[in-house]
Amino acid sequence: MSDMSDVWSLLTRRRDPAAPMVTWIAGDQRVELSTTTVINGVAKVANALEGDVAAGPRVRLDLPWHWQLPIWQGGIW
């Protein structure tokens, strides 16, 4: 549990929450997610897995490399 809180504290104490945290570039597409957006997305995934989805002790994540991948990885963690 301490590992998780350490990661969460790193995410939430960034100096500029509006600065890009994740930048995804594929061809001519570019998506930048701010720290605030990443934190909100991670929290939503974690809450869904904890309450709404009948998740067991293992979660299989089968996403291509995409800007949504780090959001889901953070929420599962």
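**Close-up views of a predicted model**

At 52% relative accessibility, Arg-30 counts as exposed (exposed means over 50% relative accessible area, buried under 20%, and partly exposed in between, with a 1.4 Å probe and protein chains only). This is a predicted model, where local features need pLDDT of at least 70 and side-chain atom pairs count only at pLDDT 80 or more, while totals for chains, interfaces and linings use all residues. Residues are numbered from 1 along each chain as its sequence is written, and side-chain values use heavy atoms, with hydrogens and water left out.

**View 1. Arg-30 and Glu-32 meet in a salt bridge.** Their side chains come to 2.5 Å, N to O; a salt bridge here is a side-chain nitrogen of Lys or Arg within 4 Å of a carboxyl oxygen of Asp or Glu. Glu-32 is partly exposed, at 42% relative accessible area.

**View 2. Strands E1 and E2 make a hairpin.** E1 covers residues 20–26 and E2 covers residues 29–34, and they pair in the antiparallel sense over six bridges. Two strands count as paired if DSSP finds at least two bridges between them. Strands are DSSP runs of E with at least two residues, helices are runs of H or I with at least four, and both are numbered from the N terminus. Two residues sit between the strands, and Gly-27 in the turn has a positive phi of about 65°. Look across from Val-22 and you'll find its bridge partner in E2, Leu-33.

**View 3. Seven residues build the largest nonpolar core.** They are Val-22, Leu-33, Val-38, Val-42, Val-45, Leu-49 and Ile-71. A nonpolar core is a set of buried Ala, Val, Leu, Ile, Met, Phe, Trp, Tyr and Cys residues joined through side-chain atoms within 4.5 Å. Helix H2 (residues 35–52) gives the largest share, four residues. Setting aside neighbours within four places in sequence, Ile-71 is in contact (heavy atoms within 4.5 Å) with Leu-33, Val-38, Gly-41, Val-42 and Val-45.

**View 4. Five residues form a nonpolar surface patch.** Val-59, Leu-61, Leu-63, Trp-72 and Ile-76 make up about 350 Å². Patch residues have over 30% relative accessible area and no salt bridge; like charges are joined within 9 Å and nonpolar side chains (Val, Leu, Ile, Met, Phe, Trp, Tyr) within 5 Å. Areas come from the Shrake-Rupley method with a 1.4 Å probe, and for residues only the protein chains shown count as cover. Val-59 lies in the loop between H2 and helix H3 (68–76), and is partly exposed at 39%.
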